[in-house]
6 protein chains.
Amino acid sequence: MTRPSGRAYDALRSITLESGFSLHAEGSCLVRCGNTHVLCTASVDERVPSFLRNSGKGWVTAEYGMLPRSTHTRSDREAARGKQGGRTLEIQRLIGRSLRAVTDLKALGERQIKIDCDVIQADGGTRTASITGAWVALKIACEKLLLAGAITRQPIIDNVAAISCGVYKGNSVLDLDYDEDSNAEIDANFVMSADGGLVEIQATGEEKPFSRDVLNAMLDLAEAGGATLFALQDQAVQTDPINAG
Amino acid sequence: MTRPSGRAYDALRSITLESGFSLHAEGSCLVRCGNTHVLCTASVDERVPSFLRNSGKGWVTAEYGMLPRSTHTRSDREAARGKQGGRTLEIQRLIGRSLRAVTDLKALGERQIKIDCDVIQADGGTRTASITGAWVALKIACEKLLLAGAITRQPIIDNVAAISCGVYKGNSVLDLDYDEDSNAEIDANFVMSADGGLVEIQATGEEKPFSRDVLNAMLDLAEAGGATLFALQDQAVQTDPINAG
Amino acid sequence: MTRPSGRAYDALRSITLESGFSLHAEGSCLVRCGNTHVLCTASVDERVPSFLRNSGKGWVTAEYGMLPRSTHTRSDREAARGKQGGRTLEIQRLIGRSLRAVTDLKALGERQIKIDCDVIQADGGTRTASITGAWVALKIACEKLLLAGAITRQPIIDNVAAISCGVYKGNSVLDLDYDEDSNAEIDANFVMSADGGLVEIQATGEEKPFSRDVLNAMLDLAEAGGATLFALQDQAVQTDPINAG
Amino acid sequence: MTRPSGRAYDALRSITLESGFSLHAEGSCLVRCGNTHVLCTASVDERVPSFLRNSGKGWVTAEYGMLPRSTHTRSDREAARGKQGGRTLEIQRLIGRSLRAVTDLKALGERQIKIDCDVIQADGGTRTASITGAWVALKIACEKLLLAGAITRQPIIDNVAAISCGVYKGNSVLDLDYDEDSNAEIDANFVMSADGGLVEIQATGEEKPFSRDVLNAMLDLAEAGGATLFALQDQAVQTDPINAG
Amino acid sequence: MTRPSGRAYDALRSITLESGFSLHAEGSCLVRCGNTHVLCTASVDERVPSFLRNSGKGWVTAEYGMLPRSTHTRSDREAARGKQGGRTLEIQRLIGRSLRAVTDLKALGERQIKIDCDVIQADGGTRTASITGAWVALKIACEKLLLAGAITRQPIIDNVAAISCGVYKGNSVLDLDYDEDSNAEIDANFVMSADGGLVEIQATGEEKPFSRDVLNAMLDLAEAGGATLFALQDQAVQTDPINAG
Amino acid sequence: MTRPSGRAYDALRSITLESGFSLHAEGSCLVRCGNTHVLCTASVDERVPSFLRNSGKGWVTAEYGMLPRSTHTRSDREAARGKQGGRTLEIQRLIGRSLRAVTDLKALGERQIKIDCDVIQADGGTRTASITGAWVALKIACEKLLLAGAITRQPIIDNVAAISCGVYKGNSVLDLDYDEDSNAEIDANFVMSADGGLVEIQATGEEKPFSRDVLNAMLDLAEAGGATLFALQDQAVQTDPINAG
């Protein structure tokens, strides 16, 4: 089998995580995963949603969007259509859950961190790239809170990163780009923590059902790829002006 | 460990699938899974979405809703709030994908079947109950099309059913009710086909990450429960007026 | 004249009022009026709308909806279309006004009871069935408040029930089903209290104007039908678990 | 009993119907009913709603709105709030039905007349004033179609006009202004045709139920008032530039 | 060059400002500028927007709307379409900014004046007519506040009025009506204060760019026309019942 | 006077126009004007709006958006709020008009070019930067159409670029950044064509009215700045892969 990109079945695309990309945000990271580019920012808001008021606990939430021409053909602007689509809502709920799985909400205190993941250019895997970059922005924003004395211990207790796998022409492959993704039989997204845990699995066999063997093969690929992502994340946090400056 | 309901860790709730519940729909099924009751109807529409016009292929789609007081405390009516929430959109997209995974869209011809899953009473597991019942409604609607000569072969090529699993107080359990669900550490939904394939996996460790062992334990439980669901589905199709009458 | 259903011109359809249908609601009633089935629930909310804050008075309000395939052909889901239609708003305003006409809002205290009327299956007369069933759900919810000591006297001071009349093939008839309704020259809905009063009249001659004689003939039919409805309501309240248990 | 306005119980307010008020509309009428002023315009649209395409039949529909400060205190602008309220939808549906009851839709041909009733100043009775004025605008627009040869016979087969009645301090009174209306026990709107028929009755006893005697007393008042309205309507049509010029 | 209306290139249309037009509003003015008629009302609201709470400062804001058949052909009702269009929002923002430029918000105290400009009939120049009339309504409302002792000095520190200019068949002309406006090469709106200052300029050469000479020619025309407008405004304030009565 | 940035009163910020930034768009340009960064893309759509169907003419339109954290403090996402604000609509209408002023719509043929201007980072002057960059994206998309033989002559007949001016601490200054803009007495945006024409002027004295002298001073500054912008635009078109490759 040859992948359209010529990559090996277990090869990630070229990935860079550029922290400190945004002038204004408390934390930010531009993820480039091949031709998929996502800008992730973290904004600290001293107010919590009403269900957490007076609870002593904080919250992490996420919003996701695609620039209209981030895609091969232009998509309608969601703001102009007057609502966010189902795919958008599904992805931003996934990002928020994934980040909260590694956040000690008590340690964060009664404040909210809002993550924005905006796709500047799309070539497959925008949701997993968003999670990987969002974690960097979130971690930096929390370091800034620590530095400022607003909190007394780091609420982010582990890394969380995500990668897609799929079955393309009968083979399990890692990190699908758009060409593969649009022809994949199975499409799966794995969100993982650095300690080896699974945070979220979304696997879909819309074309046809898949076996447990296939699931396991994809899990193996995802776990191997995860190690690279965690290392890149740590490096990006280190090179952010807050640490590097 | 004792489950709140007293059930064994691998025991389904009492489940009934009542077909022919609706006077008007081309196919219908009232699913009762313990105290979770969902009415599923299938409506045949001779028009397809525009992206399928002149393709010779049909479509299956789904909508999901909860009656405002199907829940413990009243939820706002989505029609009054003016939009469907993210959870609703996520669930109805899942139902549609799951059904399409076992539908031969060419055999269906250029028409659309719209599935409505409306939760009359909720006690956990409404999305999986919806999928299980939706399949019955869909299958009956297709049998009606066959009988009427509108199509020449059955487009539904396998059963699809779904069940939830989770980790409650450290143990993997099958078919969580609301009491368990709201206290579960891990929450997973498995959509399966009768031939043993997996159609969709959604597993979430919002509280904390989970291991592959836990994933496998839940998969074992789900597969065992699936057999019962497929049998109940076949029986419901047989007892529908279209077959029984 | 023969009615499509074979009923006498002054005959109601077979009507049952099943109280205690909902596990969660403070009061509930499933009305079956022939093939028209409406689930009515009453939910107690300890907050009042802002215009009543600190007034010592409570409020009763209603919402109405139809399941998309409760009708002969599928109707669009209002939640998906993003707004409730004019007919829906008109009906739920009518239900709320009708119930408030027999409610002592001071006796209710500063709380709100929200009535949901959801049409499970439609065959004409859904708005009048909703009113008749809503009253049962409301009454039971108030009995529960009394029993719990939250209020000291019953705020529901009389029964309220509703029935449709019309002119079908030149004759005034009671309780139209869909077949008659869609061919009726005149369409009228009467909301009545048990003491013989009129709470609301909505009579429409869209096809052509009608005379006062016709109005009086329809009123006579409605009043005769009302007696049956009030008796069924009292019985439904008696058989609710709160009283029967 | 003294009415706040000093009028006799059966006295209308001072009413004028000024046709030809609008430079652009095919028919128009400014109704002044005391301090209630409504501008009614009729716009001819050569397209019909899709359900009438190729039916050979036309349609008459209506929209209603209030200027934000037509009322005692300012109301939110519906366009700014992003939706029309239930009261607005209810009123515009009533206006449309009332006009269609006296329109021969076949004679109108496959075109639509859209009536806009916009309340410039409100002092009670805006919906009945709207109907009375809307008929004038509609009739003139149809005369213009006749004159232009677009249709061959007048589709408006009778006058339709409306007036409110109520019970104020125990007495049935005609044509309530805002002071009376906001204190009325019973509130009723009667839409009548010139041949003595009833087109629509909406009677509400929100405060308390009412008797058939009260209904009959209000009907007597409305019928007496109707004669004046029909005469004013005919005169307004005669003085429109289309006839007077 | 002959203008369609026969007016000289520097001639305003016949303009009247009728104050006290509305029974309910704190200030009101019906502007008639040829066949363009706009009703402007000022409503005093004792609450300010949240960003001004506890600031000691007030606010002036505006909303703009067109009756559906104020135009040559009927436009959709914005309330029915569910949102205000871009042109509407742009105009109402312009009106608000223009009025605030001559308002001492501290002198107004912590309250808000909401201006509504509703176009009853349109024949070009509705936005400039709105500003000219809105100022009259605002001034009168402030006089009423002064008279009532709610404020101690007049917050309106100068007149503000507006007029359109354009280039029609190569000549700069003042106060375009619809016929000219829809054929103009350049379209400009000038908002001016009585002391000779410019409050806002919006000049557009959508067809083709324009020179500074043309801009200056239009500015000369606008300034000459402004004098007439300021005089009419002062007279309208004087003849309002609050002063004339 | 010292400007916060230390720039001379007539100095532009450091400006770069990077064409070919987007992988997918037919034309693209990332404008960096100091810390204001806007991504402009041009998308060719072979369908025109319905009002141009069968007219032989094309259309150019624009949409504008800001990433939620492009600003100093996070702004709500318009897609999540369900509508575009008035400022957004105003800006995107301005961009569209400005581009159409230099486009020969007949030469474009019956197709539409949609420009998206998305603010990645904001520091004042986003609307003028958008226009300047949008022109580059538009020009490149048209060159691509020419190259592909879809059109036979270049429809873009001149450059169009924009710059802001204002009065800061009593002095007229060019190209305001956020610090100046939020303290400016006068705020003006000038859209200019390379042949020395004015395409659009928007000048606002919300704080207080301004004189014609001030207007002229700002115009002088804008015209001087324009020359630099036009040169940068031409260079960006030359270095786009379509020309440079």
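1. The side chains of Asp175(A) and Arg13(A) meet in a salt bridge, with an N to O distance of 3.2 Å; the term stands for a side-chain nitrogen of Lys or Arg within 4 Å of a carboxyl oxygen of Asp or Glu. The pair links distant parts of the chain, 162 residues apart. Asp175(A) lies in the loop between strand S7 (171-174) and helix H5 (178-181) of chain A, and Arg13(A) in the segment before strand S1 (15-19) of chain A. Helices (H or I, at least four residues) and strands (E, at least two) are DSSP runs, numbered from the N terminus. Both Asp175(A) and Arg13(A) are buried; buried is under 20% relative accessible area, exposed is over 50%, and partly exposed is in between (1.4 Å probe, protein chains only).

2. This is a predicted model, in which local features need pLDDT of at least 70 and side-chain atom pairs count only at pLDDT 80 or more, while totals for chains, interfaces and linings use all residues. Residues are numbered from 1 along each chain as its sequence is written, chains are lettered from A and ligands numbered from 1 in the order in which they are written, and side-chain values use heavy atoms, with hydrogens and water left out.

3. A network of salt bridges links Arg3(A), Arg7(A), Arg13(A), Asp123(A), Asp175(A), Asp177(A) and Glu180(A). Over all chains, the count comes to 128 salt bridges.

4. In chain C, Asp175(C) lies in the loop between strand S7 (171-174) and helix H5 (178-181). Asp175(C) is buried, at a relative accessible area of 2%. Leaving aside neighbours within four places in sequence, Asp175(C) has contacts (heavy atoms within 4.5 Å) that include Arg3(C), Arg7(C), Arg13(C) and Glu180(C).

5. Asp45(B) pairs with Arg47(B), the closest N and O atoms being 3.2 Å apart; Asp45(B) is buried at 13% relative accessibility, whereas Arg47(B) is exposed at 60%. Asp220(D) pairs with Arg212(C), the closest N and O atoms being 2.7 Å apart. That pair crosses between chains, from helix H6 (residues 212-239) of chain D to helix H6 (residues 212-239) of chain C. Asp220(D) is partly exposed, with a relative accessible area of 44%.

6. The contact between chains F and A takes 35 residues from chain F and 35 residues from chain A. About 2700 Å² is buried between them, carbon and sulfur atoms giving 51%; buried area is the accessible area (1.4 Å probe) that two parts lose on being put together, summed over both. His24(F), Arg69(F) and Arg77(F) supply 28% of the area that chain F buries against chain A, more than any other three residues.

7. Between chain F and chain A there are 12 salt bridges. Arg74(F) and Glu63(A) form a salt bridge through their side chains, at 3.1 Å, N to O. On the side of chain F that touches chain A, strand S3 (36-45), strand S4 (59-66), helix H1 (78-81) and strand S5 (112-121) of chain F each supply at least two residues. The largest share, 6 residues, comes from S5(F).

8. Some chain pairs do not touch. Chain A and chain D are one such pair, with their nearest C-alpha atoms 11 Å apart; for chain B and chain E, which do not touch either, the nearest C-alpha atoms are 11 Å apart.
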